[in-house]
Amino acid sequence: MGAGQNRNSNTLVVPQANAALDQLKYEVAQELGISIPQDGYMGNMATRDAGAIGGNITRRLVQIAEQSLAGQFK
């Protein structure tokens with residue numbers, strides 16, 4: 001791999017969705033009672049907590065997609 005090449009495959013299809021995903025992250029963390037550091041550095045967060053937040057975000061996004069698809073076929 002040459003210099004300057006990026007291996008990150010986590011690019012957003014809709015870059016404007018970044019703010020909405022951040023908002024969702026904070027909502028889920030608050031519901032779970034997990035505090036997210038204000039400085040944005042999550043290196044001190046327990047892996048279990050980070051996984052719980054990510055898993056619940058995924059669950060909620062799947063729910064939203066299912067509801068959206070169900071609405072299209074009515």
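**How the helices meet**

Colleague: Which element do the buried residues of helix 1 pack against?
Modeller: The buried residues (under 20% relative accessible area, with exposed over 50% and partly exposed in between, 1.4 Å probe, protein chains only) of helix 1 pack, through contacts (heavy atoms within 4.5 Å), against helix 2. Helices (H or I, at least four residues) and strands (E, at least two) are DSSP runs numbered from the N terminus, and the partner here is helix 2.

Colleague: What kind of model is this?
Modeller: Residues are numbered from 1 along each chain as its sequence is written, and side-chain values use heavy atoms, with hydrogens and water left out. Local features need pLDDT of at least 70, side-chain atom pairs count only at pLDDT 80 or more, and totals for chains, interfaces and linings use all residues, this being a predicted model.

Colleague: Where in helix 1 do the buried residues sit?
Modeller: The buried residues in helix 1 are L24, V28 and A29. Seen down the helix axis, the buried residues fall within an arc (taken from the directions from the axis to the C-beta atoms) of 130 degrees, so they line one face of the helix. An α-helix has 3.6 residues a turn, so residues three or four places apart point the same way. On the other side of helix 1, A19 and Q30 are exposed, while the buried ones line one face.

Colleague: How far apart are the end C-alpha atoms of helix 1?
Modeller: The expected span of a helix is 1.5 Å times one less than its number of residues. Helix 1 runs over residues 17-32, and its 16 residues should span 22 Å. The model agrees with that, because its end C-alpha atoms are apart by 22 Å.

Colleague: Is I57 buried or exposed?
Modeller: I57 lies in helix 2, and leaving out residues up to four places away in sequence, I57 touches L24, K25 and V28. The C-alpha atoms of I57 and L21 are separated by 8.5 Å, although the two are 36 residues apart along the chain. Because its relative accessibility is 14%, I57 counts as buried.

Colleague: What is the relative accessibility of N56?
Modeller: N56 is in helix 2, which covers residues 47-72, and beyond four places in sequence N56 touches V28 and L32. The side chains of N56 and R59 are joined by a polar contact (N or O atoms within 3.5 Å; within protein, one must be able to donate a hydrogen and the other to accept it, and residues adjacent in sequence count only if both atoms are side-chain atoms) of 2.8 Å. N56 counts as partly exposed, because its relative accessibility is 24%.

Colleague: Which residue's backbone nitrogen does the side chain of D39 reach?
Modeller: D39 is found in the loop between helix 1 and helix 2. D39 counts as exposed, because its relative accessibility is 63%. At 3.0 Å, its side chain reaches the backbone nitrogen of Y41.

Colleague: Which residue just after helix 1 takes a positive phi?
Modeller: Look at the place just after helix 1, where phi is about 75 degrees. The residue with that positive phi is G33.
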